[in-house]
Each structure stands twice: as C-alpha cells, then as structure tokens.
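Subject: Structure handover

Dear colleague,

I am passing on the structure we spoke about, together with some notes on what turned up in it. Please keep it open beside this email as you read.

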Amino acid sequence: MAKFDQPNVHAPNPNLKVWLNGRLVPVGEAAINVFDHGVLYGDGVFEGLRSYGGRVFRLKQHLQRLEDSARAIRLVMPMPKEEMTEAIYRTMEANGIRDGYIRLVVTRGVGTLGLSPNRAGCPSVFIIASQIDLYPRELYEKGMAIVSTSIVRNHPNALSARIKSCNYLNNILAKIEAQDAGVHEAIMYNHCGYVAECTGDNIFLVRNGVVQTPPITAGILEGITRDAVIELVRQRSLPIREMDLTRHDLYVADECFLTGSAAEVIPVTSIDGRPIGNAQPGPVTLQLIADFRELVNREE
Ligand code: PMP
C-alpha cells in the first residue's frame, strides 16, 4: 500500500452529509482546497455545539462567540447568523441528528502562498453534525484523572484564548502530555503560573462549600458550558468565586470538575496522581451534573 493510501482507522460514517459553502455534500466530497488558509495556517475560527432533543443548546451564544472570534482575527463572516442557524438545522436534519455534536468552522478561504489574509478570497464555511465521545462513559460516574502540563497556555497578547481559532497546537501539545501520562485531559497554567483551563474544557473546584473557577482574565476560553454552570451554582445559592487559582488550590480542593460542550460536566477525582477530596465525585459536582442535564433538556 502506498504511503499516502493508509486507511483511516477512524474514518467517518460514509453516509454523513456535510454542509460546505452552501451545499450538503457526502462526506467523501466535502473537501477543502489545499490553498485555503485554514489548512495552510490554521487561519480560521470554529465552534463546537451540542444539540439535545433536536434543539441546539445556547446557539445564540455560540454564534456570538464565533462572530467575536472572527472579528478578533479580522475575518468578515460570509453569512449572517440567521443563515448560519438555518444551515446548522438543515445539516442536523440531513443526518438525523437530534442529540449530537455540531462542528461549525469558518476558514479564511482560498488564497495564495504567504500569510497575508488580504490575498484570500471568500471564507469557507462547513458544518458537521455528528456525535462525539470525548471521554469514556464510565468516567462520568467514577470521575477522571488529569495531570498538570508543562505547556503554558497562550499568552493573551500572543493569541488570546478567547479566540476559538483553528490553531489548537497549544492545546494539542498539552493533550499529548496528558496521553503520555496515561490520562485524557491536562491542566494548562497561564504565563503567570495560575491555573488557566484544560485542553478542551474549563475547570472548577469546590473548597469548603465555595465553588471556584479561574476568571476570564486568566487567559481562558469563555466557555458556554462554564457560563451555564455558573448560573446553576447561583440558582443553588452556592457561593462562587472567579479567582486566580494555583496548583496548591487544586491539591487541597474537596471537589473538581470540568465543563465543555463536548465534555458536558465531568467529575475529576485525581490531579497529578493525588486524590481530590475522597477520590469520589463530590456532592456539589453530582448536583451540578444533574442540574445541567435538567437545564439542557428544559431550555428552548
Ligand atoms: N476551553 C477550551 C480550550 C475549549 O476548547 C473548550 C471547548 N470549546 C472549552 C474551554 C469549553 O467551552 P464550551 O463550554 O463553550 O464548549
């Protein structure tokens, strides 16, 4: 077999239909031009969304964040939010997705060799509506082990973590360290040494009944699940502090959990080989997992 003909062990379902620049096409035909700056430079922005019972959770917030990310990289969105909404629902429908995961990507578009975005034409837009299994199911009951990584989260004045860009190498390097350590996720610290976030999730702690999470200014993505969980914490009248957290705060926490559109809310029971609390998912975490489940099924 030729070197470039290796079968893809995780090939997508061949019946999948992908929305690409205005058309629903079979996945095998959903190709991006090699001159697209998204491919050449990671020059683009994206969103990962969830649908529950046929409704996309917090779609408005995701589309707003996408627009903000695009604005931050001086990319003019090629279609209004209403059209984007319609395209997402059409893609879900074409693939029979009611409970699933949606990936929405806008790249700079086809250009010339060289960095200049001015020489790229129209942005490319594609939408995948499928499923995601980020972490093994049993970890949602047992809790997950995570580690600290040596990879420092992007400096906010280099590439702001608030931009959900197609360039995830910072996070991918940290993910590789997690995998080398035999776990699924890693904690990234910021350039000041404070806890930032994980490679694809935001992080929360519980200590003496107070819920703690790094502030946005720690250089993190303003997670939509994070926002939803903060609302749920407030509805339970639990104290919440957005505060700079150190490695020490992690090690002395009673509870820890992660949030993300793909991860949802998952308990963490060990960090760097140290048990968190009594090494079982804690009561606040379990309550918030239940509240989150209820929220996603209830919310219009
Ligand atoms: N941080 C990073 C780096 C992420 O990639 C994600 C997933 N998009 C999150 C946090 C969680 O954000 P959200 O809840 O909006 O999915």
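A residue is called buried when its relative accessible area is under 20%. The model is a predicted one, and F57, at 8% relative accessibility, counts as buried in it. F292 has 3% relative accessibility and therefore counts as buried too.

These two residues belong together, since F57 and F292 form an edge-to-face aromatic pair, with 5.8 Å from centre to centre and 80° between the planes. F57 lies in the loop between β4 and α2, whereas F292 belongs to helix α8 (residues 283-298), so the pair ties together parts that are 235 residues apart in sequence. With Y52, these two residues make up one aromatic cluster.

The structure holds 4 aromatic pairs. Another of them is F204 with F257, which is stacked, at 4.9 Å centre to centre and 10° between the planes. This pair also links distant parts of the chain, as F204 is in strand β10 (residues 202-207) and F257 in strand β13 (residues 255-260), 53 residues apart. F204 counts as buried, at 0% relative accessibility, and F257 likewise counts as buried, at 0%.

Rings also take part in contacts with charges: the charged end of R137 sits over the ring of Y140, 4.4 Å from its centre, and R274 lies over the face of Y251, at 3.8 Å from the ring centre.

Next comes the nonpolar interior. In soluble globular proteins, nonpolar side chains tend to be buried together. Here the largest nonpolar core has 24 residues, and those with the most contacts inside it are M84, I88, I102, L104 and V106. Two or more residues of this core come from each of β3 (44-52), α2 (59-72), α3 (81-94), β5 (100-107) and β6 (124-130). Apart from it lies another core, of 23 residues, which includes Y140, M144, Y189 and I203.

Helix α2 deserves a separate look. Which of its residues are buried? They are L59, H62, L63, R65, L66, S69 and A70. Seen down the axis of α2, these buried residues fall within an arc of 160°, so they line one face of the helix. The face turned away from that buried side carries the exposed residues K60 and R71, while the cover over the buried residues includes β3, β4 (55-56), α3, β5 and α6 (224-235). After α2 comes R74, whose phi is positive, near 60°.

With best wishes

Definitions and conventions:
Residues are numbered from 1 along each chain as its sequence is written. This is a predicted model: local features need pLDDT of at least 70, side-chain atom pairs count only at pLDDT 80 or more; totals for chains, interfaces and linings use all residues. Side-chain values use heavy atoms; hydrogens and water are left out. A nonpolar core is a set of buried Ala, Val, Leu, Ile, Met, Phe, Trp, Tyr and Cys residues joined through side-chain atoms within 4.5 Å. Buried means under 20% relative accessible area, exposed over 50%, partly exposed in between (1.4 Å probe, protein chains only). Helices (H or I, at least four residues) and strands (E, at least two) are DSSP runs, numbered from the N terminus. The arc is that of the directions from the helix axis to the C-beta atoms. Contact means heavy atoms within 4.5 Å. Rings of Phe, Tyr and Trp (its six-membered ring) pair if their centres lie within 6.5 Å; planes under 30 degrees apart count as stacked, over 60 as edge-to-face and the rest as tilted. A charge sits over a ring if NZ of Lys or CZ of Arg is within 6 Å of the ring centre and within 35 degrees of the ring normal.
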